[in-house]
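Subject: Structure handover

Hello,

Please find the structure below, with the sequence alongside. My notes come after it.

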Amino acid sequence: MSDSTENRDGRHHVESMLMRESLVDREVQRSTETPVYRMLPEAHVIKVGGRSVMDAGRAVVYPVVEALADCLKTKKLIIGTGGGVRSRHVFSIGIDLGLPTGVLAQLAVADSLGNAHILGTLLAPYGVVAIPPEIFGHLLPLFIASAPGVVFNGDPPYSLWEHLPESGRIPPHRSDAGSFLLAECFGCKTFTLVKDVDGLYERDPREHAGAGLIREIDTAELRRRGFESLPFERILIDLLENARLVRSIQIVNGRHPERIKAALEGEHVGTIIHAGQNRER
Amino acid sequence: MEAHPLPRVVLTAIVPNQSAAHKEMETNLLTELGKSLLTGSLEDGRLMAQTGEPPAVQILPEANVIKVGGQSFIDRGRVAVFPLIEEIVENLRRHKMIIGTGAGTRARHAYSVGLDLGLPTGVLSVLGTFVSMQNARMLNYLLAKHGIPFIEPAQFAQLPHYLAERGACIFFGMPPYIYWHTNPSVGRIPPHRTDTGSYLVSEVFGARSMIFVKDERGLYTADPKKEPGAKFIPRITVGELEELDLQDVVVERSVIELMKNATHRRSIQIINGLERGNLTKALDGEHVGTIITSD
């Protein structure tokens, strides 16, 4: 794969499996479906909710911090944070000013980064701090080898390049999506969402007391049932379906912080969502 | 813009308890929508539809985004690139241009090596970014004497200034998703590459046009390099294109997908940049290649 070729079409090619190919061609794409290497197979990714945990203050955050500290004794943690109510506020102002989705995505990073620093401060006694997004991805394996864990702003670095939502202006890839994508790229052991509900309910439990908890479901069923409200970003359904390495996630209630460690140890303590079959593959 | 007094938004610095902090924000909000956003679910379809109601501003309505192909253009070297550079220079005083670059054959080589070694899509995305950055640097040096800068995503805040001062600016086409690149449904090649990254720049800034400079006249029913009988399609909608269900298309499929939800950039043009004058015509709003529209 090292010879340079100039062939009849006037383009200088480097010989490779994909040389001269259109990467848009479906056959070419199918030929690239091969097993994926896991960069951090022992690390766990935990997304700590912004509005559901961080904004709830000391009474909720301190016990979660203690639970995380307990996990850090035996496990490597990559902790993402959401932006919470401050992100909602900046969205509302930005939308009123007519700013596009990409700008809203760029603005929201400041809020989850603030929460990452708050959590990083509380986890500092355990050697865990917030890492600036500019160096986080490239240096993650080094951090994980040298520290018990790291905190980062859960958002993906999509910024101005955020995708357009199907409806309205809110960026579709927020901190749940960013934390999940990171877990998938690095081939991490588990992905856990820490929220303020026990998991996924048949209807929003805040509005419908007595709504039934769904303990386990797959993405196909999730789509079929068309839930009006979800305790996580809707785009996660697509991302999980296309995942190659992280094929299930668990949502746990941060008001019962002992469930975080149980989830990392593979116990079923919230709602587990499995990736359904991808029909195209 | 009409001036009217706005309620001041106060974020209390030190608050005794959280509910008070939320109330403070809520009572100072501009709109009902703002209140719903603070308390409601961002997964609620009705609330999301409302967030699209305030009229959108076009940040750079005079700018044109031009994507220069990697494999299709820059990899051809001097014979293709020099005339295009001349044409860009000729247009410097006539049009504002934000120029993105493709990756091309070296990205294909890096993807092949990476695939063989089992590397994930996010890492392939990093590798593709490096190649489109090389191409951006090369175009940058060829345009340097005209004072045209190359900017990375972190420098995009300076883009409006460069555009106002010099009339053009170069960026690498890859969107900066790196390790956070979403997997494709099939295979492992990053689905959002330099066409997508360039297109999203045109959409977010509400640019005047999005022109893809390639080495074919535009869209054909099949790859004209492999099938000489392929038919040229001068104009098509996203819906019609999906119905045709082509095995291969001239722009990344994710551009077509993203165009469906676009607010501003609801048409793109693909042109043959090897033909002198086509870029100028496309900048002037003429139809010289294939125009794809959202509806």
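Predicted model: local features only at pLDDT ≥ 70, side-chain atom pairs only at ≥ 80, totals over all residues.

The predictor gives the complex a pTM of 0.90 and an ipTM of 0.89. For chain B the mean pLDDT is 91, with 90% of its residues at 70 or more. In residues 1-16 of chain B, however, the pLDDT is below 50, and this stretch has twelve contacts in the model beyond near neighbours in sequence.

Contact between the chains

Chain A puts 72 residues into the contact and chain B puts in 73 residues. On the chain A side, at least two residues each come from strand E2 (12-14), helix H1 (26-30), helix H3 (84-96), helix H4 (101-123) and helix H6 (175-185). H3(A) gives the most, with eight residues. By class, the side of chain A that touches chain B has 32 nonpolar, 22 polar and 18 charged residues.

Helix packing around H3(A)

Across the contact, H3(A) meets helix H2 (residues 32-39) of chain B; their axes come within 8 Å and cross at roughly 155°. That angle makes H3(A) and H2(B) roughly antiparallel, and their crossing is right-handed. From H3(A), the residues involved are Val85(A), Arg88(A), His89(A), Phe91(A), Ser92(A) and Ile95(A), which meet Leu33(B), Gly34(B), Leu37(B) and Leu38(B) in H2(B). This contact has six nonpolar residues, three polar and one charged.

Within chain A, H3(A) also packs against H4(A), where the axes come within 8 Å and cross at roughly 155°. H3(A) and H4(A) are therefore roughly antiparallel to each other, and the crossing is right-handed. On H3(A) the residues are Gly84(A), Arg86(A), Ser87(A), Val90(A), Phe91(A) and Gly94(A); they meet Val103(A), Leu104(A), Leu107(A), Ala108(A), Asp111(A), Ser112(A) and Asn115(A) in H4(A). Six nonpolar, five polar and two charged residues make up the contact of H3(A) with H4(A).

Sheet in chain A

Chain A has an open sheet of seven strands with mixed pairing, in the order E5-E4-E3-E6-E10-E11-E9. Strand E5 (149-153) and strand E9 (216-218) of chain A each have a single partner strand, so one side of each has no neighbour in the sheet. On average, and with direction ignored, neighbouring strands are turned by 20° against each other.

Inside this sheet, strand E3 (residues 43-48) and strand E6 (residues 190-195) of chain A pair in parallel over five bridges. One of the bridge pairs sets Val45(A) against Phe191(A) in E6(A). H6(A) packs on the sheet and touches E3, E4, E6 and strand E10 (248-253) of chain A, its direction making about 180° with that of E3(A). Helix H5 (residues 133-146) of chain A lies across E3, strand E4 (76-81) and E5 of chain A, at about 165° to E5(A).

Sheet in chain B

In chain B, eight strands form an open sheet with mixed pairing, ordered E3-E4-E2-E1-E5-E9-E10-E8. Its edges are strand E3 (150-151) and strand E8 (235-237) of chain B; each has a single partner strand, so one side of each is left without a neighbour in the sheet. Strand E1 (residues 63-68) and strand E2 (residues 96-101) of chain B run parallel and are joined by six bridges. Lys67(B) is opposite Gly100(B) in E2(B).

Helix H6 (residues 121-143) of chain B lies across E1, E2, E3 and strand E4 (168-172) of chain B, at about 155° to E4(B). Helix H7 (residues 159-166) of chain B lies across E1, E2, E3 and E4 of chain B, at about 140° to E4(B).

Regards

Conventions
Residues numbered from 1 in each chain as written. Chains lettered and ligands numbered in written order. Contact = placed C-beta atoms within 7 Å. Helix = DSSP H or I, 4+ residues; strand = E, 2+ residues; numbered from the N terminus. Nonpolar A, V, L, I, M, F, W, Y, C, P; charged D, E, K, R; others polar. pLDDT = per-residue confidence, 0-100. Pairing = 2+ DSSP bridges. Axes fitted to C-alpha atoms, helices over the stretch in contact; angles between N-to-C directions. Parallel < 35°, antiparallel > 145°, perpendicular 65-115°, else oblique. Left-handed = near helix turned anticlockwise from the far one by under 90°.
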